[in-house]
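Keep the picture in view as you read.

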Amino acid sequence: MRSVCIHHLEQLSFEDCWWLFEKHAFVNEDSSPYPKLKEIGKEIVKKCKGLPLAAKTLGAALYSELRVKEWENVLNSEMWDLPNDEILPALRRLFATKGRSFFQKSNSHKSYFMMHDHINNLARLVSGRFCTHLKDDKINKIPNELRHLSYARSEYDHFEIFETLNEVNGLRTFLPLNLRTAPQLDKVSKNRYLEFHASNRVWNDLLSEVQYLRVLSLCYYEITDLPDSISDLKHLRYLDLSNTLIKSLPESVCSLYNLQTLILHDCQRLVELPKMMCKMISLRHLDIRHRRVKEMPSQMGQLKSSQNLSNYKVGRQSGSGIGELRELSHIHGSLVIEGLQNVVDAQDASNANLVGKQYLDELELEWEEDDGVEINGAEMVLDNLQTHSNLKRLTIKGYGGSRFPYWFGVASIINMVSLSIRELMVRSRDIAQWRELPPLLQDITITNSDSLSLESLLEEGLLQRNTRNKKASCFRSLMLEDCPELIFPIQGLPSSLTSFSIANCNKFTSEVEFGLQGLPSLTYLQISYLRNLRSLDGLKLQLLTSLQKLDICSCPNLQSLTEERSPTSLSLLKIQNCPLLEDRCKFGTGEDWPHIAHIPHIVIDDQVL
């Protein structure tokens, strides 16, 4: 064997150390656009004393951080007073205290955040003793400091997998993870089913031992109830039971006074909530979407810390009326108010104080069928549900009044971008009170509305006037669905439309032109369930010069696509369940094939041509 020369590595020069720091700290590895940060960064590099790992770690930690104060905090940190062999451990501690600022928003997904690879590696190093992710096997050795456990769940999770957790008294987080979160569909019964099972001993025995738990998720497990001992988790802040088969929650849940988040969405067997939920004074987030709860618990207005309430079902009993929403002034995001037919006194609707809920972005108002509710009563209720001007999306469902509310024409909807009208049972076609639609309105959806006349809407010139407002965004999307009496307007549609969908509006025939010729910006057109439609010639497809996607579904009498070449802009043509049209569009031999052969992507009955 030959001896190998030992090379003693010197510390980096200041120039090399700065180059390494700049490479990891600045976008495009260029500090010139940020002279102040560059100045502070060079002072930080001096303190790294030529240590490449220190320069690299700190540079990565400050990546995309543009706040001068944060850079100064690093420069003036007490860790620089430590000996060299203690600086890197100090960097780890620094990361642990500043970690929240090291996330960057994803460019492709607005709701996603990213972490730089170096930060991720450092995070794993720092949190290694406190956080464990279990994969495909039980935990054989548990660190005494373990606080947070996540694991990849399987179809059957046995108690033995978690048995050693009995030794951990300080566990804070119990979080099962799975890559596929959507429930499966039974092809025979057409019912949804869940594919994750766990031994009841996990909930009954194990969870009673981890008394300091803060975060508990049991979502997607096939559990039907919770033990009363759930109340022993006095420190619990977050409880996720979504997509389970749970039918009700034990009343003992109401003694979880520190619980801030309760997630129950898609619990489709859940029919009632605990009666004393008003005691859960710390509750801020309650998600009960897609469940069958018949009535809200009494006195929900006492939950004044609420920031997110997905649904509120109005009851007729004292303490469950719509007036309980009055004190919930900090609600953010979206809110669905169901059961408005149960509002006995219109003044109660005013007491809900929707006009004072400035943080609401989206609101849905729902009436259910009830022969005992008078038309005038519904009108007065809707009049008293005036919203705050910050509201952006509004849905009205099942409304049976003869007119729309007076506040549709005032400043309360000035920021609205989306309006959806569903299952409307308006007895009058008079919409004259709509003097002007919201100036920022972009999307209108009308479904299951027999009485609303789009023609009268356009006769008033509202949509056209909306598009001429130079201060407003262009009206861009219109969806019409299940409106059998709807007649298409002679005037046509707003020229700014980019998306138009129509389904199950059976007064549309081959003789009626759709009025789409004057839509130079239209990029998406969907036509579905028009059983009387025989031809698309009236559309004059070749004039839709911006059209990119054409989707035609379930038009059994549609015989012809176009007599001329379809637009050259068209990139996708989808035809589903249109037997007469499918024959004409057969690859190479169909009569309409020469008119569509140039389209890059053609899909007929799920088959790509």
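## Starting at helix α1

In α1, the buried residues are Cys17, Trp18, Leu20, Phe21, Glu22, His24 and Ala25. Here, buried means under 20% relative accessible area, exposed means over 50%, and partly exposed is in between, using a 1.4 Å probe and protein chains only. The helix itself covers residues 14–25, so to speak a run of 12 residues, and reaches 16 Å from its first C-alpha to its last. That is close to the 16 Å expected at 1.5 Å a residue, where the expected span is 1.5 Å times one less than the number of residues.

Helices (H or I, at least four residues) and strands (E, at least two) are DSSP runs, numbered from the N terminus. Another helix to look at is α3 (residues 52–61), which holds Leu58. Leu58 is buried too, with a relative accessible area of 3%. Leu58 and Ala25 are 33 residues apart in sequence, and their C-alpha atoms are 7.7 Å apart in space.

## What kind of model is this?

This is a predicted model: local features need a pLDDT of at least 70, side-chain atom pairs count only at pLDDT 80 or more, and totals for chains, interfaces and linings use all residues. Residues are numbered from 1 along each chain as its sequence is written, and side-chain values use heavy atoms, with hydrogens and water left out.

The pLDDT is the predictor's confidence in each residue, from 0 to 100. The protein averages 79, and 76% of the residues score at least 70. Among its elements, strand β12 (residues 261–263) has the highest mean pLDDT, 96, while strand β8 (residues 192–193) has the lowest, 48. Over residues 185–193 the pLDDT is below 50, and this stretch has 15 contacts in the model beyond near neighbours in sequence. A contact means heavy atoms within 4.5 Å.

Rings of Phe, Tyr and Trp (its six-membered ring) pair if their centres lie within 6.5 Å; planes under 30 degrees apart count as stacked, over 60 as edge-to-face and the rest as tilted. The structure holds 7 such pairs. In one of them, Phe26 and Trp71 are tilted, at 5.4 Å centre to centre with 40° between the planes. This pair links distant parts of the chain: Phe26 is in the loop between α1 and α2 (35–48), and Trp71 is in helix α4 (residues 68–75), 45 residues apart.

Are these two buried or exposed? Phe26 is buried at 4% relative accessible area, and Trp71 counts as buried at 0%. Ring pairs link Trp18, Phe21, Phe26, Tyr34 and Trp71 into a cluster. The charged end of Lys42 sits over the ring of Trp18, 5.5 Å from its centre; for this, NZ of Lys or CZ of Arg must be within 6 Å of the ring centre and within 35 degrees of the ring normal.

Most residues other than glycine have a negative phi. Tyr529 has a positive phi near 55°. Tyr529 is in the loop between β23 (524–528) and β24 (549–553), and counts as partly exposed at 47% relative accessibility. Ser554 also has a positive phi, near 55°. Ser554 is in the loop between β24 and β25 (572–576) and is buried, at 9%.

## The whole protein

How many helices and strands does the protein have? There are 13 helices and 27 strands. Of the 609 residues, 47% count as buried.
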